[in-house]
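Welcome! Take a moment to look over the sequence and turn the model around, and then we can walk through it together.

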Amino acid sequence: MAAARIKKGDKVIVLSGKDKGKTGTVSLAMPKDGKVVVDGVNIATRHRKPTQANPQGGLERTAAPLHISKVAHVTADGKPTRVRFETQDGKKVRVAVKTGEKIDG
């Protein structure tokens, strides 16, 4: 199992699929499944019947998971970059390959 290169709170861009080019923040990371949920991207619509809890019923829109290979970390200038790990001051930190800037605070 590889270390998590994309984590909750990261700003990412979608590289392929119907939402290609959209950016958003990772709201949920599932490293064991290799998936992430990005706010405002890959919206799934479910038709819900009226229930006691939801008497109105109607359409329910939620963000569905994307495979982690379909997203890339976004640099400060808005371009996608890969992520590598480096050891700095005895700590393992994530670094943007394109710019060399440290991702972890």
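## Surface and overall shape

The protein exposes about 7,100 Å², and carbon and sulfur atoms supply 50% of it. Accessible areas come from the Shrake-Rupley method with a 1.4 Å probe, and for residues only the protein chains shown count as cover. Keep in mind that this is a predicted model, where local features need pLDDT of at least 70 and side-chain atom pairs count only at pLDDT 80 or more, while totals for chains, interfaces and linings use all residues. Residues are numbered from 1 along each chain as its sequence is written, and side-chain values use heavy atoms, with hydrogens and water left out.

The C-alpha trace spans about 55 × 25 × 25 Å along the principal axes of the protein. Its radius of gyration is 17 Å, whereas a compact globule of 105 residues would have one near 13 Å. That radius is taken over C-alpha atoms, and the globule rule is 2.2 Å times the number of residues to the power 0.38.

## Strands and the open sheet

What does the secondary structure come to? The protein has zero helices and ten strands. Helices (H or I, at least four residues) and strands (E, at least two) are DSSP runs, numbered from the N terminus. Six of the strands form an open sheet with antiparallel pairing, in the order 6-3-2-1-7-8. Strand 6 (66-67) and strand 8 stand at the edges with a single partner strand each, so one side of each is left without a neighbour in the sheet. Two strands pair if DSSP finds at least two bridges between them.

Now follow some of the pairs. Strand 2 and strand 3 (residues 35-38) are antiparallel and share four bridges, and methionine 30 stands opposite lysine 35 in strand 3. Strand 1 (residues 11-14) is joined to strand 7 (residues 71-74) by three bridges, with valine 12 opposite histidine 73. Strand 7 also has two bridges to strand 8 (residues 80-81), where proline 80 is the bridge partner of valine 74. Strands 7 and 8 form a hairpin with five residues between them, and glycine 78 in the turn has a positive phi of about 90°. In a regular strand the side chains alternate between the two faces of the sheet.

## Residues in the loops

Is asparagine 42 buried or exposed? Asparagine 42 counts as buried because its relative accessibility is 16%; buried means under 20% relative accessible area, exposed over 50%, and partly exposed in between (1.4 Å probe, protein chains only). This residue is found in the loop between strand 3 and strand 4, and its phi is near 60°, a positive value in a residue other than glycine. Aspartate 89 also has a positive phi, near 55°. Aspartate 89 lies in the loop between strand 9 (83-88) and strand 10 (91-96) and counts as exposed, at 82% relative accessibility.

Glycine 17, in the loop between strand 1 and strand 2 (23-30), is partly exposed, with a relative accessible area of 48%. Alanine 53 sits in the loop between strand 4 (43-48) and strand 5 (58-63) and is exposed at 79%. From alanine 53 to lysine 98, the distance is 49 Å, C-alpha to C-alpha, and the two are 45 residues apart in sequence.
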